[in-house]
Amino acid sequence: MKQAVLKPNERELIKLTRFFSKRAAKLMEEGELSAEHSQLTAACQNLETQLLTHATNRTAIMDKRERLLNIIEDNAQCPKCSKADMLKRTGSTTNEYGWKCNTYKCRRCNTGFTWNRPNNPWDMVEFLEMYIGQLQLAMAAEQNQDVINHTEDAVAQMKESLNRLRPVLQTSDEEVDALQQKEKEMDKLIHQFKTYLQIEKIKLNAYPEEEETEEEDNQ
């Protein structure tokens with residue numbers, strides 16, 4: 001599993017919570033800070049744990065998503081020379097069906113082209129559904145039984161692949177949707193707690209100076 005990656009606002013807040021925790025602990029040891037502030041220190045530690053857990057979960061979900069995106073193998077061939085050994089992928093584009101497809105350049109023929117297959121499993125589901133429909137129409141008009149049998153086997157295999165693929169993609173979509181909702185909640189929490197800790201940081205930095213002023217006044 002990849003190491004959890006923190007967003008900038010998460011890193012900033014963790015840095016702030018650690019500063020506050022260390023500063024508050026030091027002042028408490030010196031007897032300069034009320035024990036009631038230990039509750040805030042505990043809140044900082046709990047928040048840091050929550051942020052790290054969320055970042056770990058986010059990294060795992062997005063890593064799984066990335067691996068899903070890359071499970072499709074093009075097996076592309078140059079339309080001019082029908083070779084694949086000197087193809088260079090140049091990017092991707094969206095075709096007339098709205099599917100994302102890879103673009104290539106054949107260095108043998110100096111030919112650029114778009115491969116006529118989707119480059120991701122979500123669009124591949126739609127492609128296979130359409131292709132199955134076309135094969136079934138062709139079978140209805142086919143007279144050769146061997147061709148019909150071969151086509152039926154191919155259709156059965158594609159349907160089996162779709163039945164395995166659909167629930168995996170649905171689970172991934174649900175995980176990403178839930179993650180996006182959690183991201184909104186965490187961003188709101190981070191903003192609120194960051195503002196609060198910045199105020200507390202100002203108070204902590206001013207605390208010793210305030211005590212010195214009080215001692216001078218008493219003298």
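This is a predicted model: local features need pLDDT of at least 70, side-chain atom pairs count only at pLDDT 80 or more; totals for chains, interfaces and linings use all residues.
Residues are numbered from 1 along each chain as its sequence is written, and side-chain values rest on heavy atoms, with hydrogens and water left out.

Across the whole structure, 12 salt bridges were found, a salt bridge being a side-chain nitrogen of Lys or Arg within 4 Å of a carboxyl oxygen of Asp or Glu. Lys7, Glu10, Arg58, Glu183 and Asp187 are joined by such contacts into a network. Glu183 lies in helix H4, so the contact with Arg58 of helix H2 connects parts 125 residues apart.

A further bridge joins Lys7 to Glu183, the closest N and O atoms being 3.3 Å apart. This pair links the segment before helix H1 (8–29), which holds Lys7, to helix H4 (residues 145–218), 176 residues apart. With buried defined as under 20% relative accessible area, exposed as over 50% and partly exposed as in between (1.4 Å probe, protein chains only), Glu10 is buried at 0%, as are Arg58 at 8% and Glu183 at 14%. Lys7, by contrast, is partly exposed at 22%.

The aromatic pairs number 5, where rings of Phe, Tyr and Trp (its six-membered ring) pair if their centres lie within 6.5 Å, and planes under 30 degrees apart count as stacked, over 60 as edge-to-face and the rest as tilted. Tyr97 and Trp99 are stacked, because their ring centres are 4.6 Å apart and their planes at 25°. Tyr97 is partly exposed at 45% relative accessibility, whereas Trp99 is buried at 5%. Trp99 also pairs edge-to-face with Phe127, at 5.9 Å centre to centre and 85° between the planes. Trp99 sits in the loop between strand E1 (87–94) and strand E2 (100–106) and Phe127 in helix H3 (residues 121–141), so their pair ties together parts 28 residues apart in sequence. Ring pairs link Tyr97, Trp99 and Phe127, together with Tyr131, into a cluster.

Note on methods
Helices (H or I, at least four residues) and strands (E, at least two) are DSSP runs, numbered from the N terminus.
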